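Here is a short report on one chain. Please look over the sequence and the model before reading on.

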Amino acid sequence: LEKEIKRLKNKVEIESKGRINAEKALRSRFLENTNSIGYIRPIGKVSSCFPQRFGTPRQGLLAPNTRGSIQLDPSVVGVKSFDGLEGFSHVWVIFVFHENTNMHRFAKNPQKPEVDCVFPSFVKPPQGGGMRVGLFATRTPHRPN
């Protein structure tokens with residue numbers, strides 16, 4: 001029984017890695033061929049101490065000693081760009097979920113060719129007690145950008 005459990009766990013892990021690699025390739029291919037709204041040039045990257053979404057707290061206040069950071073590309077954003085920023089309490093960061101693993105949803109659905117995007121309108125957040133809410137009323141990264 002233990003051998004069978006180990007074999008099945010290994011199979012699931014291999015399938016998961018294959019799915020993730022396929023989604024990364026699809027995302028890369030999609031982004032190469034997307035220019036319908038204009039090109040958005042990245043100016044930096046956000047980093048977190050959480051390498052995966054699993055285990056990431058849903059609220060920063062639940063893990064007060066953790067930190068994230070924003071690394072800006074100095075070839076795009078000059079140091080002088082921050083002059084005067086210390087006078088503000090907040091900074092708005094506009095971002096794109098570039099590692100979204102649901103990029104396959106951007107593909108055309110052959111059964112519904114008139115539908116451009118098949119993201120669900122409603123989702124069940126993990127802490128929502130089974131209640132369904134609108135996609136944009138959640139913090140899910142699985143959404144269209």
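Of the chain's contacts with a separation of 6 or more, 46% join residues 24 or more positions apart. A contact here means heavy atoms within 4.5 Å.

This is a predicted model: local features need pLDDT of at least 70, side-chain atom pairs count only at pLDDT 80 or more, and totals for chains, interfaces and linings use all residues. Residues are numbered from 1 along each chain as its sequence is written, and side-chain values use heavy atoms, with hydrogens and water left out.

**Confidence.** pLDDT is the predictor's confidence in each residue, from 0 to 100. The chain averages 77, and 74% of its residues reach 70 or more. Confidence is lowest in α1, at a mean of 79, and highest in β2, at 90. Where pLDDT is low, the predicted coordinates should not be read in detail.

**Elements and surface.** The chain has one helix and four strands. Their order from the N terminus is α-β-β-β-β. Helices (H or I, at least four residues) and strands (E, at least two) are DSSP runs, numbered from the N terminus. Of the 145 residues, 10% are buried. Buried means under 20% relative accessible area, exposed over 50%, and partly exposed in between (1.4 Å probe, protein chains only). Areas come from the Shrake-Rupley method with a 1.4 Å probe; for residues, only the protein chains shown count as cover.

**Salt bridge.** The structure holds one salt bridge. The side chains of glutamate 4 and arginine 7 form it, at 2.8 Å from N to O. The term requires a side-chain nitrogen of Lys or Arg within 4 Å of a carboxyl oxygen of Asp or Glu. Glutamate 4 and arginine 7 are three residues apart in helix α1 (residues 2-32), so about one helical turn separates them.

Serine 89 lies in the loop between β2 and β3. Its side chain makes a polar contact with the side chain of histidine 90, at 2.7 Å. Valine 91 is found in the loop between β2 (68-72) and β3 (122-123). Valine 91 also belongs to a nonpolar surface patch of about 940 Å², whose members include Ile43, Leu72, Phe88 and Phe95.

| Residue | Relative accessible area | Class |
|---|---|---|
| Glutamate 4 | 37% | partly exposed |
| Arginine 7 | 46% | partly exposed |
| Serine 89 | 68% | exposed |
| Valine 91 | 53% | exposed |

Two terms remain. A polar contact is a pair of N or O atoms within 3.5 Å; within protein, one must be able to donate a hydrogen and the other to accept it, and residues adjacent in sequence count only if both atoms are side-chain atoms. Patches are made of residues with over 30% relative accessible area and no salt bridge: like charges are joined within 9 Å, nonpolar side chains (Val, Leu, Ile, Met, Phe, Trp, Tyr) within 5 Å.
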